[in-house]
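Here's a quick tour of a few local features, meant to be read with the model open beside you.

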Amino acid sequence: MSDVEFYAARMQRAVRAAAGAGLAGLVVTPGPDLVWLCGYAPPAETERLTALLLVPDRKPLLVVPQLERPDAEKAPGAGAFELSGWTDGQDPYGLAAEFLAGGGRFGVSDNAWALHLLALQRTLPESRYGALTEALPMLRAVKDAYEVDRLAAAGAAADATFEAVVELPFAGRREREVAADLARLLREHGHEQVDFTIVGSGPNGANPHHEAGERVIEDGDMVVLDFGGLKDGYGSDTTRTVHVGEPSAEERKVHDLVREAQQAAFEAVRPGAACQDVDRVARQVIRRAGYGEYFIHRTGHGIGVTTHEPPYLVEGEHLPLVPGMTFSIEPGVYLPGRFGVRIEDIVVCTESGGRRLNNTERELRVVR
């Protein structure tokens with residue numbers, strides 16, 4: 001299948017999904033949805049309107065500033081959509097409104113600028129809009145074999161990064177230095193983009209989104225390592241918790257508990273299970289051990305061309321798992337002022353259950 005056919009099929013799938021959700025069409029602005037649908041990423045964020053317009057029975061239209069048209073013509077999906085360039089002084093919203101014709105309810109990218117959305121509403125007063133994540137939560141949630149392969153490769157690169165970083169010294173170094181090692185190693189293993197490198201040592205590990213800072217890692221510290229980014233356009237995200245020197249009995253106990261919760265949640269993955277069911281399984285293990293109040297975030301999030309996207313494994317999410325859904329499973333326990341533990345793998349739902357895309361050991365690793 002050529003690139004044009006590949007992206008044409010994705011856009012056709014999106015149009016069908018929109019119609020099934022009662023939408024008149026889609027308005028897709030720069031960001032992950034645009035890249036996923038047609039392969040185009042504008043060269044820079046700009047106040048000038050760029051939008052892919054999708055409606056039934058018409059070839060998709062990409063409205064772009066004329067000065068960026070040459071870049072759009074080089075997109076992998078070019079040929080699967082028409083191009084309409086506009087120059088400064090022209091009204092791009094009129095172009096869009098003419099194509100959308102007659103109004104109705106449209107799905108729009110979550111990160112669309114209010115500037116553009118409000119202008120479209122003024123130009124096409126019969127139109128209404130809903131966020132794509134809410135209107136079409138499954139659009140990017142179910143991955144095909146190509147996407148799973150990309151995610152598996154990103155996961156393998158993250159695993160190789162972990163195996164390399166634990167061979168380096170931790171004690172006596174600042175968190176930001178270890179974070180820099182993680183970023184360097186991710187790039188060495190093929191990541192073109194590093195999104196986060198959390199290094200939470202000692203009491204900082206009790207903050208799930210701690211920014212690696214100036215704290216010097218000490219012998220006796222538990223250290224949470226959470227890192228990931230994009231490799232060949234698809235995300236990685238893994239967490240392992242290591243210990244500098246021999247851990248205490250309580251530290252081992254908490255780590256073993258989180259590992260048990262993570263394994264139980266993994267075993268709960270199966271087609272038809274609700275997203276919240278996986279969260280409940282992990283939470284029940286931790287709650288029964290008396291640490292329920294210290295598990296303070298959802299069990300997982302989807303991953304694809306972004307590192308956080310639907311589906312979300314959280315209480316209240318009744319969306320059923322289906323083969324091809326790919327998400328993190330990352331329970332944690334966070335003891336304020338003391339230490340934290342988190343273990344995270346990316347998992348894909350298959351016909352027979354879950355398949356891990358991260359495969360480094362989950363036992364507590366002792367580092368120096």
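This is a predicted model: local features need pLDDT of at least 70, side-chain atom pairs count only at pLDDT 80 or more; totals for chains, interfaces and linings use all residues.

Residues are numbered from 1 along each chain as its sequence is written, and side-chain values use heavy atoms, with hydrogens and water left out.

Helices (H or I, at least four residues) and strands (E, at least two) are DSSP runs numbered from the N terminus. Start with β8, residues 222-231: 10 of its 10 residues are buried, where buried means under 20% relative accessible area, exposed over 50%, and partly exposed in between (1.4 Å probe, protein chains only). Strands count as paired if DSSP finds at least two bridges between them.

| Partner of β8 | Residues | Bridges | Sense |
|---|---|---|---|
| β7 | residues 193-201 | 8 bridges | antiparallel |
| β9 | residues 234-235 | 2 bridges | antiparallel |
| β10 | residues 238-244 | 6 bridges | antiparallel |

Met 222, meanwhile, sits across from His 243 in β10. The β8-β9 hairpin has 2 residues between its strands, and Asp 232 there takes a positive phi near 50°.

**Helix α4**

Next up is α4, residues 92-100, with Pro 92, Tyr 93, Ala 96, Ala 97, Phe 99 and Leu 100 buried. Looking down the axis, these buried residues fall within an arc of 160°, so they line one face of the helix; the arc is taken over directions from the helix axis to the C-beta atoms. They pack against several elements, including β1 (25-28), β4 (82-86) and α5 (114-123), with contact meaning heavy atoms within 4.5 Å. At the start of the helix, a side-chain oxygen of Asp 91 comes within 3.1 Å of the backbone nitrogen of Tyr 93. Just past the other end, Ala 101 has a positive phi of about 35°.

**The cysteines**

How many disulfides does a search of the whole structure find? It finds 0, taking a disulfide as a pair of cysteine sulfur atoms within 2.5 Å. For Cys 275, the nearest cysteine sulfur belongs to Cys 349, 9.4 Å away. Cys 275 is buried at 0% relative accessible area, and Cys 349 also counts as buried, at 1%.

Terms used. A polar contact is a pair of N or O atoms within 3.5 Å; within protein, one must be able to donate a hydrogen and the other to accept it, and residues adjacent in sequence count only if both atoms are side-chain atoms.
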